[in-house]
Amino acid sequence: MATVMTVVGILVFAVGLLVSIAWHELGHLSTAKLFGIRVPQYMVGFGPTVWSRKKGETEYGIKAIPLGGYIRMIGMFPPGADGRITKRSSSPWRTMIEDARQASYEELQDGDEDRLFYTRKPWKRVIVMFAGPFMNLVLAFGLFLTVMMGFGVSMTVPTIGTVSQCIVKAGQPTDTCPKDAPPTPAAQVQLKPGDKVVSFDGDRIRDYEQLQADIRRSAGKTVPIVVERGGQLVTLVPTIAVNDVQKYDGNGVPVKGETVQAGFLGFTPTTGIVRLGFGQSLDRMYDMAENGVKSLVALPGKIPGLWHSVVDGAPREVDSPIGMVGAARVSGEVFALDIPGTQRIAYFVNLLAGINLSLFLFNMLPLLPLDGGHIAGAVWESVRRRFAQLFRRPDPGPFDVARLMPLAYVVASIFVGFTVLVLVADLVNPVKIS
């Protein structure tokens, strides 16, 4: 049965990925048509065409490899300096530029002269290129909101799971007490598993993070704690001890191997499924977006770890990058988990939302051939024309993004190499969920 559910999870992920790609390309398609740009093709996937149908002037289709998609717009690049489209050169770099230029005109028809992409004002081109990633952002927002407010998220709650009997430093075993170890404040006041902390030193407790911060700030103080026990409120008055506890960074992430002296009560909280409010959901999504940007910046630093995981069999790090194959594998594992069906769906929707957020952030990089590269070209053209108007100089004309194609090939080669490395790592040494 677990094998069947794993296959189901992988297939569901494939469908979700196809929908995400189609949704992305729909953003480009709809805005291009809005601004009168002719779009001969709208394709989901790469490689051989599996199915296609022409409606109006656009061919809609699905290709065999569901790892991307595209729309073909007429006139992505302006003609060369001599006004010709098919200029040739012996220089390999120049050939790259002219090949890209010619490809953008190969389906040019009579009457398309005023329907070319490059002839649209820069702000319209920005909208067309931004619309694709924006659709991923909208989808990610909707999916995250569905999980957080509908299904709820797994998080630590201010309810007592276990009570430590003695004070030991962070990282030391807690199952046995040394002879000279003093009892914990929680044990002294008979805090019990299942107690829900309602208030701490007069402050109403909303979540565990608040409770943890309050405890750490209260080292050496005697404070009243109100807990809910068996439907009744019970007040306990412990004296908060001072102890070496786990250190956390500004984002609440544990700093490996580092401790700090702070207040200590002596219990382990439980984890539960909590439905968040709209404001809480927005705060959580903002944190996720911020972490996504940091992860994207830190991506080059993850390459050595990926390499060692492939060549030396080193364990994959918790924050190791995974590709679509790895994500599909995780989706399969999620569907095979022995948990309620609603939680399986919630985990999957959360995974798909994270992928859409990543697609948005990745595509916004100001590098060709990504959408962000075309956006940067249109913005630069607008700035250049503004300066020309300001200093009463001749209009410099459209910025020729085709000149950046050699750089685009270099960037694409790096992306392909990184993708292959991640793919191999996902196959031979995959990230597994607990």
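Is W380 buried, exposed or partly exposed? Keep that in mind while we walk through this predicted model.

**Whole chain.** Start zoomed out, with everything selected. The protein chain has eleven helices and ten strands. Its C-alpha trace spans about 90 × 60 × 45 Å along the principal axes. The radius of gyration is 28 Å, whereas a compact globule of 434 residues would come in near 22 Å. Colour by burial and you'll find that buried residues make up 39% of the 434 residues.

W380 counts as partly exposed because its relative accessible area is 45%, which falls between the 20% and 50% cut-offs.

**Helix α11.** Move on to residues 405-428. Show side chains for the buried ones: M405, P406, A408, V411, L421, V422, A425 and D426.

**Annotated stretches.** Last stop: an unreviewed UniProt entry carries the annotation "transmembrane region" for residues 126-147, 345-365 and 407-428. Select 126-147 and you get 100% helix and 0% strand, with end C-alpha atoms 31 Å apart. Jump to 407-428, where the chain is 100% helix and 0% strand, and the end C-alpha atoms lie 32 Å apart.

Notes
Residues numbered from 1 in each chain as written. Predicted model: local features only at pLDDT ≥ 70, side-chain atom pairs only at ≥ 80, totals over all residues. Heavy atoms only, no water. Buried < 20%, exposed > 50% of the residue type's maximum accessible area, 1.4 Å probe, protein only. Helix = DSSP H or I, 4+ residues; strand = E, 2+ residues; numbered from the N terminus. UniProt positions renumbered as here; feature names shortened; annotations may be inferred. Rg over C-alpha atoms; globule rule 2.2 N^0.38 Å.
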